[in-house]
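Subject: Structure handover

Hello,

Here is the structure I promised to pass on. Please open it next to this note.

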There are 2 protein chains.
Amino acid sequence: MSEHLRKYVRTVPHFPKKGIMFIDITTLLNHPEAFKETIDILHRKYADAEIDKVVGIESRGFIIGAPLAYKLGKGFALIRKRGKLPYKKIIREYELEYGKDAIEMHSDSIKKGEKVLLVDDLLATGGTAKAAAELVEDVGGIIHSIAFVIELPDLHGRKKLKKYNITSLISFEGE
Amino acid sequence: MSEHLRKYVRTVPHFPKKGIMFIDITTLLNHPEAFKETIDILHRKYADAEIDKVVGIESRGFIIGAPLAYKLGKGFALIRKRGKLPYKKIIREYELEYGKDAIEMHSDSIKKGEKVLLVDDLLATGGTAKAAAELVEDVGGIIHSIAFVIELPDLHGRKKLKKYNITSLISFEGE
């Protein structure tokens with residue numbers, strides 16, 4: 001864990017709706033040393049791992065995943081919301097608290113058997129990350145690990161992702 | 001210019017609608033050396049510039065802007081679509097071909113007088129970039145430069161941005 005980074009994260013009450021405590025990493029990204037340290041810690045963790053590609057989940061996952069791919073010297077592939085990717089793609093729908101959502105990947109964005117580091121900013125219930133990991137597998141990739149900056153352990157996201165290796169840097173409990 | 005990177009960019013006809021030729025940089029991002037080279041060229045260009053902060057425009061601007069901020073050792077600030085940012089923010093509306101769109105920044109994401117490198121993936125008509133540059137100014141920043149990976153010169157985006165320093169790496173004409 002990297003709890004010394006916690007002080008750069010801001011909590012914003014009642015966003016996006018009343019009663020929700022939003023974990024805002026824009027203050028961490030804004031801070032040159034904290035942002036650099038976040039990427040460097042993840043880089044050190046995966047520098048010697050057998051990873052072929054980094055995949056980021058739209059859109060805050062791009063802000064962590066793209067610098068990490070760059071620093072690791074790997075290609076970067078995108079998981080986006082429905083309708084944003086222009087080429088041949090695979091879609092995966094998943095359940096939200098109310099209703100459904102869908103994410104997509106280009107079919108040619110991962111070669112069969114490539115080992116993938118999947119990146120997002122925050123692990124909450126794990127619904128999006130699980131759908132994203134399965135989408136990577138649909139496209140032919142193998143999930144090496146999934147990395148998050150923040151984890152909300154009260155929401156038990158790891159349970160939904162128990163077949164995968166999970167890393168998170170900062171944990172927010174009881175919030 | 002960095003025209004040798006052009007071969008990593010894919011054009012997809014009829015996306016998002018019939019008659020539009022979409023410039024798809026996901027193939028460039030996917031390629032480890034091409035992605036690294038893209039960031040390195042921009043880094044070399046701005047390594048000695050007086051830049052305090054990098055600002056990326058959602059969401060492909062995050063994929064270029066965040067690694068560049070990391071490599072430059074600067075903080076990264078976000079310009080997002082309406083309703084995504086949780087804290088106190090400033091909004092700017094701008095005209096699209098049909099209708100209006102809006103982008104937002106956190107009011108505290110730039111300190112007064114900070115010099116900003118604004119980053120997006122593609123310069124087309126320049127409408128979004130102009131609104132984004134003005135939003136940075138609204139928040140108190142000074143635009144040092146605006147950097148794009150791709151430019152479509154036929155759409156005359158530079159005309160709309162003539163008060164700013166513009167860089168682009170690859171130019172697609174007549175498409």
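The model is predicted.

The two chains: Chain A superposes on chain B with an RMSD of 0.0 Å. How do the copies meet? Of the interface residues of chain A, 100% are also interface residues in chain B, so contact is through the same surface.

The sheet: Chain B has an open sheet of seven strands. Their order is β5-β6-β4-β3-β7-β8-β9, with mixed pairing. The edges are β5 (89-95) and β9 (166-171) of chain B. Each has a single partner strand, so one side of each lacks a neighbour in the sheet. From one strand to the next, the twist averages 20°.

B:I90 sits opposite B:M105 of β6(B).

The helices: Helix α3 of chain B, residues 60-72, packs on the sheet. This helix touches β3 (53-57), β4 (75-81), β7 (115-123) and β8 (142-151) of chain B. Its direction makes about 140° with that of β7(B). Helix α4 of chain B, residues 127-138, lies across β3, β4, β5, β6, β7 and β8 of chain B. Helix α4(B) runs at about 150° to β5(B).

Best wishes

Notes:
Residues are numbered from 1 along each chain as its sequence is written. Chains are lettered from A and ligands numbered from 1 in the order in which they are written. This is a predicted model: local features need pLDDT of at least 70, side-chain atom pairs count only at pLDDT 80 or more; totals for chains, interfaces and linings use all residues. Side-chain values use heavy atoms; hydrogens and water are left out. Copies are superposed by least squares on the C-alpha atoms of residues with pLDDT of at least 70 in both. Contact means heavy atoms within 4.5 Å. Two strands pair if DSSP finds at least two bridges between them. Helices (H or I, at least four residues) and strands (E, at least two) are DSSP runs, numbered from the N terminus. Axes are lines fitted to C-alpha atoms, for helices over the stretch in contact, and angles run from 0 to 180 degrees between N-to-C directions.
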